[in-house]
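The following paragraphs go through the strands, the helix contacts and the aromatic rings in turn. Please keep the structure in view while reading.

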Amino acid sequence: MLHQYPSIDPVLQALADPTRRLIVERLGEGPASVKQLAAPLPMSLAAVMQHLQVLERAGLVKSEKRGRTRVCELDVARLDTLDAWIAERKRTWERRYDRLGEILKKET
């Protein structure tokens, strides 16, 4: 079977890290500056910037400079792709369970 969703690989890799998941969760509430994102995290601003770079390369976060502040926001289109992949896996397993149920009914 061909890999139909190659674009989810960097997304899954980026979301494998708990700090990056926290950043994505925070950005789910709305845009935030890098300083705001870093405030609750037990790490340096430079470390937070590295996490944001990974999220940007994966296409999950967009950022722009507004004056002297870098503002980040979530790019939900990438999450939609991941959601489609998960939904497809779920449909596949539901069909398999349905077939198993039919086989078990015939045997009883």
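Strand E2 and strand E3 (residues 69-74) run antiparallel and are joined by six bridges. Helices (H or I, at least four residues) and strands (E, at least two) are DSSP runs, numbered from the N terminus, and two strands pair if DSSP finds at least two bridges between them. The model is predicted, so local features need pLDDT of at least 70 and side-chain atom pairs count only at pLDDT 80 or more, while totals for chains, interfaces and linings use all residues. Residues are numbered from 1 along each chain as its sequence is written, and side-chain values use heavy atoms, with hydrogens and water left out.

Two packed helices are described by the angle between their axes and the distance between the axes. Axes are lines fitted to C-alpha atoms, for helices over the stretch in contact, and angles run from 0 to 180 degrees between N-to-C directions.

Helix H2 (residues 18-27) packs against helix H4 (residues 45-57) at an angle of about 75 degrees, with the axes 10 Å apart. That makes H2 roughly perpendicular to H4; angles under 35 degrees count as roughly parallel, over 145 as roughly antiparallel, 65 to 115 as roughly perpendicular and the rest as oblique. Thr19, Arg20, Ile23 and Val24 of H2 make the contact with Val48, His51, Leu52, Val54 and Leu55 of H4, where contact means heavy atoms within 4.5 Å.

Helix H1 (residues 8-15) and helix H5 (residues 76-107) have axes that come within 10 Å and cross at roughly 100 degrees. H1 and H5 are therefore roughly perpendicular to each other. On the H1 side are Ile8, Pro10, Val11, Leu12 and Leu15, which meet Arg78, Leu79, Thr81, Leu82 and Trp85 in H5.

Finally, Arg96 lies over the face of Trp93, at 4.7 Å from the ring centre; the criterion is NZ of Lys or CZ of Arg within 6 Å of the ring centre and within 35 degrees of the ring normal.
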